[in-house]
2 protein chains.
Amino acid sequence: MTQPSSFLGYTCSLCGTQYAPHEVVYVCPRDGGNLDVNLDLAAIRRSPIHPATSATREPSLWRYLPLLPVADPGGNGTPLRAAGWTPLFSPPQLARRLGLPRLWIKDEGRNPTASFKDRASAVVVARAKEIIAPVLVTASTGNAGAALAGMAAAVGMRSMIFAPRTAPPAKVAQLLVYGAQVILVDGNYDSAFDLTVQAAQEYGWYCRNTGYNPFTVEGKKTAAYEIWETIYPQLTGLQHPLCIFISVGDGNIISGIHKGFKDLQALGWIDQMPRLFGVQSEGSAAIANAWKARSETIQPVESHTLADSISVDFPRDGIRAVRAAQQTGGAYLKVSDEAILKAIPALGSAGIFAEPAGAAAYAGLTSALDQGIVDSEDPILVINTGSGLKDVKAAMQSVRPAPIIEPTLIALRKHLEATR
Amino acid sequence: MTQPSSFLGYTCSLCGTQYAPHEVVYVCPRDGGNLDVNLDLAAIRRSPIHPATSATREPSLWRYLPLLPVADPGGNGTPLRAAGWTPLFSPPQLARRLGLPRLWIKDEGRNPTASFKDRASAVVVARAKEIIAPVLVTASTGNAGAALAGMAAAVGMRSMIFAPRTAPPAKVAQLLVYGAQVILVDGNYDSAFDLTVQAAQEYGWYCRNTGYNPFTVEGKKTAAYEIWETIYPQLTGLQHPLCIFISVGDGNIISGIHKGFKDLQALGWIDQMPRLFGVQSEGSAAIANAWKARSETIQPVESHTLADSISVDFPRDGIRAVRAAQQTGGAYLKVSDEAILKAIPALGSAGIFAEPAGAAAYAGLTSALDQGIVDSEDPILVINTGSGLKDVKAAMQSVRPAPIIEPTLIALRKHLEATR
């Protein structure tokens with residue numbers, strides 16, 4: 001099943017140095033910059049990837065294999081082959097309420113381990129198979145770890161997850177159920193991150209760390225391809241470009257989506273780039289701050305937000321994330337925890353249950369509408385990055401408790417009359 | 001978009017009395033028996049439903065609309081249209097470990113609200129639209145309520161959920177996020193059930209209660225159609241029929257799957273019925289007990305099991321559930337909570353995260369293998385009825401806690417050597 005790969009090498013996003021595929025593994029050895037993967041565009045142009053042929057392609061991110069820097073990972077009939085190709089909704093009530101005739105929501109909570117991170121982990125697992133890395137490792141307090149554990153388990157590979165000892169036991173449970181070897185470190189996320197980097201070198205493990213392994217962006221860019229394949233045909237004739245709202249923590253998802261659209265532009269398959277809007281919690285806004293200061297210097301923050309999937313002190317992919325908004329005529333928005341909590345039942349009212357990070361993107365949209373940054377002429381997409389079942393505690397905070405009554409019709413009638 | 005419906009009426013599963021569509025709504029007025037929906041098989045035979053034409057059909061249970069007793073419910077672009085057509089896995093490592101060359105797992109946790117119950121609720125919502133019922137109501141402590149709340153929200157309909165006040169706040173949160181009006185009653189599930197029945201009559205609400213509303217089985221039967229469309233083509237030439245393992249609480253899911261295969265048999269589209277194996281927790285085994293006693297009298301139990309989705313004192317669809325195993329050469333199996341907990345990481349090792357009820361079906365399979373009830377010649381399907389994220393507390397009980405180390409390479413080396 002192995003197909004020839006279109007993977008040519010890497011370019012450092014900071015200094016522009018180019019590397020061959022086997023010269024480097026993670027970040028730029030010169031300056032630590034994130035590496036962009038270079039693809040053989042001429043070869044891709046010859047491949048049968050265009051949507052016209054999509055009827056024969058599988059309902060997962062692997063439909064874009066010719067656009068990925070990996071060979072076919074195998075794993076047919078496993079959850080690895082079920083990552084991506086997530087549902088795209090166009091909820092009529094929300095659209096009416098917001099006055100947006102063209103509103104879509106892409107629900108990444110429907111991925112195998114219930115978050116966007118499955119895209120990255122699926123492609124990193126494929127890369128690990130290719131370079132014959134026996135063990136995958138990552139630092140994570142949540143979705144990235146679950147995604148790596150789940151995708152590795154799917155194809156019988158070993159995974160090691162390092163998390164701070166303060167990680168919620170409920171989040172750790174999912175990793176353990178997938179059979180990952182979980183090690184809690186007596187320190188914060190950064191110390192877990194540093195230890196995985198050292199351990200990967202020491203033991204020959206392949207490190208998936210977000211904003212460190214260049215293949216995470218390659219996995220995440222597949223969301224852009226899906227948006228292109230499903231939404232772009234509906235934009236024909238519109239003057240306004242698509243506006244995409246994406247919650248941002250370490251910056252890797254927005255960088256990935258940007259990369260996907262840059263690929264499509266370089267291939268000549270789109271005329272118009274979408275505008276990318278990054279949404280951060282105001283308590284964890286290192287990238288939004290840099291964007292506002294028109295700077296590529298990311299100042300760390302002391303993060304405080306209930307949206308734990310985007311709670312980041314030191315974003316590992318901040319510079320590319322700033323550029324994603326800058327280069328597309330987008331923007332960054334900061335939203336409060338209160339606004340995030342309000343967005344959970346707003347999305348819920350359309351039958352979409354989002355975790356706080358996913359709801360943040362919707363809160364960003366409402367804020368952008370209030371400020372006139374986007375308007376009803378704009379076609380708009382909100383990406384929900386994870387299932388609300390990932391953080392039921394936050395969901396509980398987002399709603400008012402249910403009343404308790406006697407189990408009688410009389411008590412019910414009284415209650416209904418009182419609350420009418 | 002409305003299509004002509006093939007809905008002819010009902011037959012009582014106990015006394016055999018037939019009713020026209022508008023004569024009854026819920027159970028048989030004579031004896032309270034569950035009603036089976038009668039379909040116009042001749043009309044269905046003329047419809048273009050056969051898998052040969054499937055390329056044009058949507059990736060949801062609505063691909064089987066001509067086999068359902070409802071018209072097109074609308075709701076395009078909403079989660080209502082994303083229910084069903086769940087992933088079918090054939091995990092190679094599990095298959096090897098169990099010595100089963102033909103093993104499939106159907107992951108119903110990938111439904112919009114993360115359980116099998118979305119199938120029932122989607123079709124009940126379609127029925128409610130058809131009979132112009134403004135409000136849907138159900139008694140539920142969990143998945144059924146979430147499914148009704150989510151499917152109703154998707155198309156802008158109101159839902160009321162009645163639950164015992166002891167329902168876990170985390171489960172109630174999902175209902176509230178979807179905008180359901182949740183009312184906790186100071187009583188048990190049965191008193192919530194009775195109150196919904198009275199309230200539905202009093203206020204003209206449409207009652208979804210499982211084992212009471214005949215359309216839940218019609219929704220659930222779509223899983224059988226999917227099994228037929230995806231697995232049956234792979235069974236050609238095999239002597240042994242497919243064995244399907246299904247966790248059983250109130251008995252409505254196994255009855256629904258049985259109904260689906262009976263439809264297919266009546267249509268002449270399958271030669272061989274699958275064998276249906278119901279799996280109950282030994283602490284909640286009212287239906288398994290009746291099956292063992294070769295009786296259709298279901299004796300209530302005082303249920304005690306951690307698998308809350310199948311924890312049922314008085315099964316509302318017990319008789320049809322007994323028949324599902326009896327009439328297909330299947331059986332009932334009882335599994336301990338300990339075996340259920342062991343099954344969670346077993347499925348997890350294949351990248352599938354199941355709630356206890358879903359894992360119970362897998363535990364039933366291992367028990368059936370141990371007892372020689374099925375063997376390696378049999379093609380086998382296990383249905384995971386819900387996502388493990390629905391019950392993280394149980395997941396935590398199913399695994400050993402992760403170790404804590406200092407964030408240094410030395411501490412890591414020591415730990416790895418000690419646990420080698």
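Student: Why are H12(A) and H13(A) called roughly perpendicular to each other?

Tutor: The axes of helix H12 (residues 337–348) and helix H13 (residues 356–370) of chain A cross at roughly 95°. Angles of 65 to 115 degrees count as roughly perpendicular, under 35 as roughly parallel, over 145 as roughly antiparallel and the rest as oblique, so H12(A) and H13(A) are roughly perpendicular. An axis is a line fitted to C-alpha atoms, for helices over the stretch in contact, and angles run from 0 to 180 degrees between N-to-C directions. Helices (H or I, at least four residues) and strands (E, at least two) are DSSP runs, numbered from the N terminus.

This is a predicted model, in which local features need pLDDT of at least 70 and side-chain atom pairs count only at pLDDT 80 or more, while totals for chains, interfaces and linings use all residues. Residues are numbered from 1 along each chain as its sequence is written, and chains are lettered from A and ligands numbered from 1 in the order in which they are written.

Student: Which residues make the contact between H12(A) and H13(A)?

Tutor: On the side of H12(A) they include Ala339(A), Ile340(A) and Lys342(A), and on the side of H13(A) they include Pro356(A), Tyr362(A) and Ser367(A). Contact here requires C-beta atoms, placed from the backbone, within 7 Å. By class, the contact has 11 nonpolar, one polar and one charged residues. Nonpolar covers Ala, Val, Leu, Ile, Met, Phe, Trp, Tyr, Cys and Pro; charged covers Asp, Glu, Lys and Arg; the others, Gly among them, are polar.

Student: What makes strand S6 of chain A largely enclosed by the rest of the structure?

Tutor: Four of the five residues of S6(A) (residues 135–139) are buried, so the strand is largely enclosed. A residue is buried if 20 or more other C-beta atoms lie within 10 Å of its own, exposed if 12 or fewer, and partly exposed in between.

Student: How do you know that S6(A) and S7(A) pair?

Tutor: Two strands pair if DSSP finds at least two bridges between them. S6(A) and S7(A) (residues 158–164) have five bridges, in the parallel sense, and the partner of Ala139(A) is Phe162(A). S6(A) also pairs with strand S9 (residues 206–207) of chain A, in the parallel sense over two bridges, where Val137(A) stands opposite Cys207(A).

Student: What kind of unit do S6(A), helix H4 and S7(A) make?

Tutor: They make a right-handed β-α-β unit, with H4(A) covering residues 143–154. Right-handed means that, with the strands pointing away from the viewer, the path from the first strand over the helix to the second runs clockwise.

Student: Why is one side of S14 of chain A and of S9 of chain B left without a neighbour in the sheet?

Tutor: Five strands form an open sheet in the order S14(A)-S8(B)-S7(B)-S6(B)-S9(B), with parallel pairing. S14(A) and S9(B) stand at its edges, each with a single partner strand, so one side of each has no neighbour in the sheet. S14(A) and S8(B) pair over two bridges, with Ile405(A) and Val185(B) as bridge partners. Within chain B, S6(B) and S7(B) pair over five bridges.

Student: How many residues does each chain bring to the contact between them?

Tutor: The contact takes 67 residues from chain B and 67 residues from chain A. H5(B) gives the most to the side of chain B that touches chain A, with seven residues. That side has 43 nonpolar, 18 polar and six charged residues.

Student: Is Ile132(A) buried or exposed?

Tutor: Ile132(A) has 7 other C-beta atoms within 10 Å, so it is exposed. This residue is found in the loop between helix H3 (117–130) and S6 of chain A, and its phi is near 55°, a positive value in a residue other than glycine.

Student: Is Trp85(B) buried or exposed?

Tutor: Trp85(B) has 23 other C-beta atoms within 10 Å, so it is buried. Its phi, near 50°, is likewise positive.

Student: Why is Thr17(B) called partly exposed?

Tutor: The count for Thr17(B) is 16 other C-beta atoms within 10 Å, so it is partly exposed. Thr17(B) is found in the loop between S1 and S2 of chain B. Leaving aside its neighbours within four places in sequence, Thr17(B) is in contact with Cys12(B), Cys28(B) and Arg30(B).

Conventions
Two residues are in contact if their C-beta atoms, placed from the backbone, lie within 7 Å.
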